[in-house]
Structures are given as structure tokens and as C-alpha cells.
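Me: Can you walk me through this one? I'd like to go from the whole thing down to single residues.

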Amino acid sequence: MASMMQPQIILLKEGTDTSQGKPQLVSNINACMAVADVVRTTLGPRGMDKLIHDDKGNTTISNDGATIMKLLDVVHPAAKILVDIAKSQDLEVGDGTTTVVLLAGEFLREAKPFIEDGVHPQNLIRSYRTACNMAIEKIKELAVSIEGKSLDEKRSLLAKCAATTLSSKLIGGEKDFFATMVVDAVIAIGSDDRLNMIGIKKVPGGTMRDSFLVNGVAFKKTFSYAGFEQQPKKFLNPKILLLNIELELKSEKENAEIRLSDPLQYQSIVDAEWNIIYDKLDKCVKSGAKIVLSRLAIGDLATQYFADRDIFCAGRVAEDDLHRVAAATGGTVQTSVNNVIDEVLGSCEAFEEKQVGNERFNIFKGCPSGQTATIVLRGGADQFIEEAERSLHDAIMIVRRAMKNSTVVAGGGAIDMEISRYLWQHARNIAGKSQLFINSFAKALEVIPRQLCDNAGFDATDVLNKLRQKHALPSGEGALYGVDINTGGISDSFANFVWEPAVVKMNAINAATEAACLILSVDETVKNPKSESAQGEAAGGMGRGRGGGRGRGMRRR
Ligand code: ADP
Ligand code: MG
């Protein structure tokens, strides 16, 4: 037994701290604070962007917390937890990723002096959890429902939420333009849960104002063969055949071995090959479809054949595009052209192949099943369009959330200040140490408005004092006041339509508290002895004794 325990102690790599107790905790907290400091400046409408380039030379410019965290490649085991919560916030609600990291970092920063003074982490954890639950209850109480409004009203309310999300992004200058687009797209797909029903296509060139929404499907023209130019490029109410088969002349000599005794028989083989493909093409034409799309190649023979019969075709259509066409037009993807009945054909009001920038696009509009929308994004640099896509993704998620949960809270730090005030007030009635801990939780929440000010170049202390005073008014009339990003003062965020879905805040506070508690509850890090010994052995030297020991251990089994 003793010999099995021993390796764990020697195995800790040199310089791995003392790796136990208080110093370990403090070092974990420091690592998390360092990570939070990286994303700190990206928060809010005046937040800065980060340019990250990896060893392969790819550069990404982003303002999105989750994206930055992912690209940072954090190796510190404790700080990795922050990366994970940013990711899960992204998946769960789609926005608030910077907020969640920042909050977690701030909770830990507030906890640090207590830990250093010898407070037991469990006491802190307990108080943080209580405070978190109270905060969430308070958000639920403060949230305003937008349920029961007419579609037009709802549309404009949702657009406000989307605009708040977009205001912190590179495309913030055009936030209203894109917010309307996002809301239209989300409303178009209705209650469909599949996010990929909203396609985003990126076409470099032009300005972002040239971006547009297709109420239906759009995808880039696929590779085409001779004869394609003679095909019609515009249809009204066409029938659409969707295939997952190759329409190409296949010479069977690669697939089969055929022995011939008479050279004349060779012709019959060739004929058979031609007959097979002509038979397939004929069936496609007979189905009555005016547009034939296939996931696999449509060769030159087929292209010409269709062109002669005024049919449009496209081969090698990407799988998700084909699925979206199927969903939108009500068609079904076929794996054979035998028995193509009318029911499997899709239809739409208008089809067109059209020039967008330097690319040609196949656009299907007025699809009967609705349920899909495609945003064609334009813009200068690749990095710019990619960041625009990520920003739109945030906005889309937010609008979907707001549609489902449809309660919103005031943004711009207003909700954070209000919860903070509420917790301070509550803490006054608590006797004992936990009063201090709840106070520090409350103080940590102020990081959001403070950072919004810092990032905008305002005097954070000044603004925060004003906010505290406003929120402390006994009448409660200041509850909706947040940072006014335009004037550097404070204003009623709710009245200014700086809104956020309540679920974003609730999830952010919850996840940040959980992460902070998790990190506080760790007081020892043990590195996996196995990987460590592999390293040791590779380096030769000190691994010897242990290697022998484990060898015996294995044999014993
Ligand atoms: P996250 O990744 O956490 O969503 P953002 O960079 O999108 O971070 O910043 C979101 C914060 O910015 C929220 O707290 C939101 O209330 C605030 N915010 C957004 N628009 C405005 C605005 N026009 N005025 C003040 N605050 C705003
Ligand atoms: Mg955001």
C-alpha cells in the first residue's frame, strides 16, 4: 500500500506550487482572475475586440466571450472551468458569455481576501449559493413579460432585444438594420427548434448594408458543367426534385470485370451504360420537376440533357443546404429515381439564380412550409464577416429565447445594480459572518456597470455612485436605471430599450456562482500520475524505481 501511495507524492512536477490548501486556492483564484481580465475589455457596446492568431496563422477578430475563451487555449486546470461556463452559456442561451466569465472572476476576486484571512471556503460557498438563489428570485420578480402582444408589437420588442445584443459588436453601427433582419428570420422559422433552419451565407465584398434576408433558402451556385449556361435560371412555381444519387455516365470498367469473347459484344456493354443514365434522366424529366438538385455529382451529360428540356440542375449541393431546401419546399430527398411521385417533389413560389457580389446564388423564395430563412451577409474582410456571423448568431439566439420565455429585464447594468442593492439590504438583517460574504457577492455584481463605464471611458466611480444613489431611492423609482452609454451619465435603461432577456441574466449569475463555488471548493490539485510518469520515462532518469513498482502491481492482477 505504501509503495502505491508513494508515487503520487514524487510524481508532482517540480514547480507545481505546494498544490495544497490555501496557497493552492489562491493560485487558482489568481488564474481565474487573469482569464477574466482578458475578456474584461470586450464587455458592452463600447467594448473592444480581440484579435487572436494561432500558430497556423489564422486570425480571428471577436468580441464574443465564448469565441475568445475557446481560442485562448487556456491550460490552467482551474481557469479552464471559466472556458467551460462561457461555452455552456453560449449553448444554453447564446449571449452573456462575457458577463458570465466576468462575474465568476469577480466573485473569486471578492472571495480572495477572505480566503487569505483564513475563512473556510465552505462558509463562503454557502453564502454565495444563498445570494445566488435570492438574486435569481429577484430577477424573476423584476422581469417584465412581453407575452400577449400583437405580432407587430412583439416584432418591435424583439428587435429591441436583438439590438441590445448587437450594440456591443462590430456591426453595432447597423444594429437596427440587422436586428430587424434577425427578428424576421426567427419569426419565419416559427417554432422550429432547429437552429440550422436559419442559414447564414457569407459573401465577401460590398458593404454590410448589402446584406439581405431570403425568406426561404439560398446557397452558392455549385460546380457546373458545360450546358449549364443554356439552362433557364428563373422559374415561377417550379416543382423541385431532390436527389441523393449521382447523375453521371459511369464507366463500369472500374467497378466490374467483364469477360467478352466477341468484340462486338463490347458495344452492348457501352450501350447499357448509356441506357442506364438516360433511363434515370428520363425519369427525372417525367416527374415534372423543373429543378433537380442532388447531393452528388450531376455530370456534363445530364447537365446538357436537362438544358435541352428547360430544366435547371445543380449537383454537389451541401447536405445542410439540401435539407433546408427539403424542409422549406416540402420535398423529400430521394435515393432513387424510380417511382418519383408528386408528393416527394418540393415547390416554391419563385426560384432564381442570381448574382450576389462575385458569386452566383440559387435562391428559393416563397416556400410553402416556411420554416427556413437565409441571411446573406456582405462585408469587406473575411474576419469582419465572420465576426458579423457570430454576432448574428448571438442575436438570433436571444430573439429565440425571448420568443420562448418572453420576459425581459433592463440592461446596461440596471438589473445588476438592483440585485446588488437588494442583497446589501438583505444582508443588513443577517447576524454573523455571512453578512460579509453576501455583501461581497453584491459588490461583485457591480462589476457589470463598472466595466461598461470603464470600457466606454467614463468615470466609473462617479457613475456608480449616481447609480447607487438612484437605486437606493425608497420609492423604488430608480430600479431601472443603468449606464447611459451615449452621455456617460445614467438613464432609465428600460425606457431606452436596452433590454435583455431575463434568462440570460439568470443563467449568467447561476453559472458564474457555480463556477466560483467549484473553484473555491478545490484545495488540492493532483496531476494524473500516469501521464506524468510517461513524461518522466521519456526524460529517462527518475522514473526507474516507480516503473518497476507499477510493473509488479500490474502482474498481480
Ligand atoms: P456578453 O458577451 O456578456 O453578452 P456584451 O459585450 O454583449 O457581453 O455586453 C453585454 C452588456 O452590455 C450587457 O450588460 C448589456 O446590458 C450591455 N449593453 C448593451 N447595449 C447597451 C446600451 N446600449 N447601453 C448600455 N448598456 C448596454
Ligand atoms: Mg452580448
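Me: How many helices and strands does the protein have?
Reply: First, a heads-up: this is a predicted model, where local features need pLDDT of at least 70 and side-chain atom pairs count only at pLDDT 80 or more, while totals for chains, interfaces and linings use all residues. Residues are numbered from 1 along each chain as its sequence is written, chains are lettered from A and ligands numbered from 1 in the order in which they are written, and side-chain values use heavy atoms, with hydrogens and water left out. Helices (H or I, at least four residues) and strands (E, at least two) are DSSP runs, numbered from the N terminus. On that basis, the protein has 19 helices and 18 strands.

Me: Is N123 buried, partly exposed or exposed?
Reply: N123 sits in helix α6, residues 121-142. Buried means under 20% relative accessible area, exposed over 50%, and partly exposed in between (1.4 Å probe, protein chains only). N123 has a relative accessible area of 23%, so it's partly exposed.

Me: Which residues is N123 in contact with, leaving aside its neighbours within four places in sequence?
Reply: Contact means heavy atoms within 4.5 Å. K433 is 310 residues from N123 along the chain, yet their C-alpha atoms are separated by 8.5 Å. With those sequence neighbours set aside, N123 is in contact with K433 and F437.

Me: And W274, what's its relative accessible area?
Reply: W274 belongs to helix α9, residues 264-286. W274 counts as partly exposed, because its relative accessible area is 33%.
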